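These are my notebook entries on a structure that I looked up for the first time. I set down each item in the order in which I examined it.

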Amino acid sequence: MSTEPRLIVVSNRLPLGDDPSGGLVVALEDALRSSGGVWVGFSGEVTDDPAPDLQDHPGAAFQRLSFDLTPQEHDEYYLGYSNSILWPLCHGRPNLMRIRPEYLDGYARVNQRIARMLLPVLRPDDRIWVQDYHLFPLAAELRALGVENPIGHFLHIPFPGPADCAALPNPAQLFDWLSHYDLLGFQAERDLGAFAESARQLADGDQVAPDRFRLSGRMVRTQVFPIGIDAAAFITEAADAPDSDRMRLLTGAKMMIGVDRLDYSKGIPQRFRAYQLLLEKIPDLHEKISFLQIAPPTRGEVEAYQDIREETEHLAGRINGQFATLNWTPIRFIHRPFPRPVLAGLYRQARIGLVTPLADGMNLVAKEYVAAQNPDDPGVLILSRFAGAAETMAEALIINPHDPHDLAVAMAQAMRMSQAERRDRHAALLEGVVDHDVAWWSRTYLEALTVR
Ligand code: GDG
């Protein structure tokens, strides 16, 4: 039996038992298994009777506390405040925010409800680890109920700078919520810097040490913990991927791949325009390069997501109309998810991995693409400087996604890069992905949370 204090993980969405597990789920389940505890989150069900449900996790030494949302809560807390205010704000798109007072009410109410349902399962020495922007107020709600346990927060997306934070109806409130945590974790130095600057300018925050802030009269520790993937598992999955899942390219073209939820932060239209420019400028590449973009749907109820879908479909159609031949489709745009092992095999087959977000907390696709490569004949990662991953993946071709010329030049460079250079860059990237995997991330975070 472990002597560590128990762990309570709270995330917006509880992973489903039969989820194709991503690295984050595996790492958090491992941490829960080693110390025991509870994973708390939304069940995914929208119902009129949202009673919480506590169950043992099948075959493991921890429990799951799931709750449903009412239709109103789903609209106001999830689609509203979380994804129509905080998401665009944190991704530098305050113009896409839809500010409505009822969104804030619903967001506060759901966080309060989660705090109340957590109270009866909490033990005095439990550590509480809150994930992401849906749950900023949770520590304040728990403290109001008398909870004194260590509470940490990890933000998976970028933290907004002062100019963007100022677009919130009440910016100081965000910092007041955050002041109730013991530890605030960020993906990148860039986010810690933005937090420090915004806290100073908008909430009288006082940086008393490199990793310590006085906020609303309380002390909060801050640290950067770049998230990783389950590298060992992904390397095996990609190497074992069956040939039958491979993409058949009639002309023997080299494949370029993009894999992203269809989100306006991911820079998909910018990527399409750069590809169009490449094909216009270098006709020699016709039939030699083929672009596969997998973009499963997400948050389709929010208007900005309907717009991005139309824009991307339109662009893909135009590029194919302009350049396709009887043997060659320049771009395949697939608006559906694929199983993880198929993705792993496609990454391995692709000569170029395109990760070009306009803003991104980390971007795990960049790390998955590197892990999936054959080290003897690896592909080239093209990475936006606006992904958190760019801070630790300098051997990628780092580009500015707003500049189609810069991106098209990188595509051409990747197409003709020598095997020796590809191997050197890949070896350096792979070392970082393996050393700083998701188990390292959760271990480092929990050690920091435990030292109070
Ligand atoms: C947030 C932050 C941060 C994608 N399509 C399919 C599929 N995926 C998987 C990818 C990858 C994951 O989804 C996407 O991860 P990202 O990191 O790219 O992006 P977000 O979803 O926006 O995540 C981000 C992350 O949190 C972790 O902290 O890195 O910055 O925005 O694993 O492989 N998986 C399957 N089929 C698909 O079609 N199975």
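**Entry 1**

I looked up Asn-363 and found it buried, because 24 other C-beta atoms lie within 10 Å. The classes I use are buried for 20 or more other C-beta atoms within 10 Å of a residue's own, exposed for 12 or fewer, and partly exposed in between, with C-beta atoms placed from the backbone. I note that the model is a predicted one, in which local features need pLDDT of at least 70, side-chain atom pairs count only at pLDDT 80 or more, and totals for chains, interfaces and linings use all residues. Residues are numbered from 1 along each chain as its sequence is written.

Asn-363 sits in the loop between β14 (352-355) and α12. I number helices (DSSP runs of H or I, at least four residues) and strands (DSSP runs of E, at least two) from the N terminus. The phi of Asn-363 is positive, about 95°, although the residue is not a glycine.

I then turned to Arg-299, a residue other than glycine whose phi is also positive, near 45°. Arg-299 belongs to the loop between β12 (289-294) and α10 (303-323). I record Arg-299 as partly exposed, because it has 18 C-beta neighbours inside 10 Å.

The ligand is surrounded by 21 residues, and the closest are His-156, Pro-337, Gly-361, Met-362 and Leu-364. Helix α12 gives the most, with three residues.

By class, I list 13 nonpolar, four polar and four charged residues in the shell. Here Ala, Val, Leu, Ile, Met, Phe, Trp, Tyr, Cys and Pro count as nonpolar, Asp, Glu, Lys and Arg as charged, and the others, Gly among them, as polar.

I next examined α11 and found it mostly covered, with seven of its 10 residues buried. They are Leu-343, Ala-344, Gly-345, Leu-346, Tyr-347, Arg-348 and Gln-349. These buried residues pack against α8, β11 (254-259), β12, β14 and α12. For contact I require C-beta atoms, placed from the backbone, within 7 Å.

How far apart are the end C-alpha atoms of α14? They are 24 Å apart, which agrees with the 24 Å that its 17 residues (419-435) should span at 1.5 Å a residue. The expected span is 1.5 Å times one less than the number of residues.

The buried residues of α14 are Arg-422, Arg-425, His-426, Leu-429 and Val-433. They fall within an arc of 100° seen down the helix axis, so they line one face of α14. The arc is taken from the directions from the helix axis to the C-beta atoms. The other side of α14 has Ala-420, Ala-427, Glu-431 and Asp-435 exposed. I found α8 (231-239), α12 (364-372) and β15 (380-384) among the elements that cover the buried residues of α14.

For α10, the buried residues I list are Thr-312, Leu-315, Ala-316 and Ile-319. They also line one face, because they lie within an arc of 100° seen down the axis of α10. The face turned away from them carries exposed residues, including Glu-303, Gln-306, Asp-307 and Glu-310. The buried residues of α10 pack against α9 (268-281) and β13 (331-334).

**Entry 1: The largest nonpolar core**

I defined a nonpolar core as a set of buried Ala, Val, Leu, Ile, Met, Phe, Trp, Tyr and Cys residues joined through C-beta atoms within 7 Å. The largest one has 134 residues, of which Ala-366, Leu-381, Ile-382, Leu-383 and Met-411 touch the most other members. Helix α2 (residues 71-90) gives the most to this core, with eight residues.

Which residues does Leu-381 touch, not counting residues up to four places away in sequence? They are Gly-353, Val-355, Ala-366, Tyr-369, Val-370, Ala-396 and Leu-429.

**Entry 2: A glycine in a loop**

Last, I looked up Gly-217, which lies in the loop between β9 (212-215) and β10 (218-224). Gly-217 is exposed, because 7 other C-beta atoms lie within 10 Å. From Gly-217 to Asp-176 I record 41 residues in sequence and 9.6 Å in space, C-alpha to C-alpha.

Terms used
Two residues are in contact if their C-beta atoms, placed from the backbone, lie within 7 Å. A residue is near a molecule or strand if its C-beta atom, placed from the backbone, lies within 6 Å of it.
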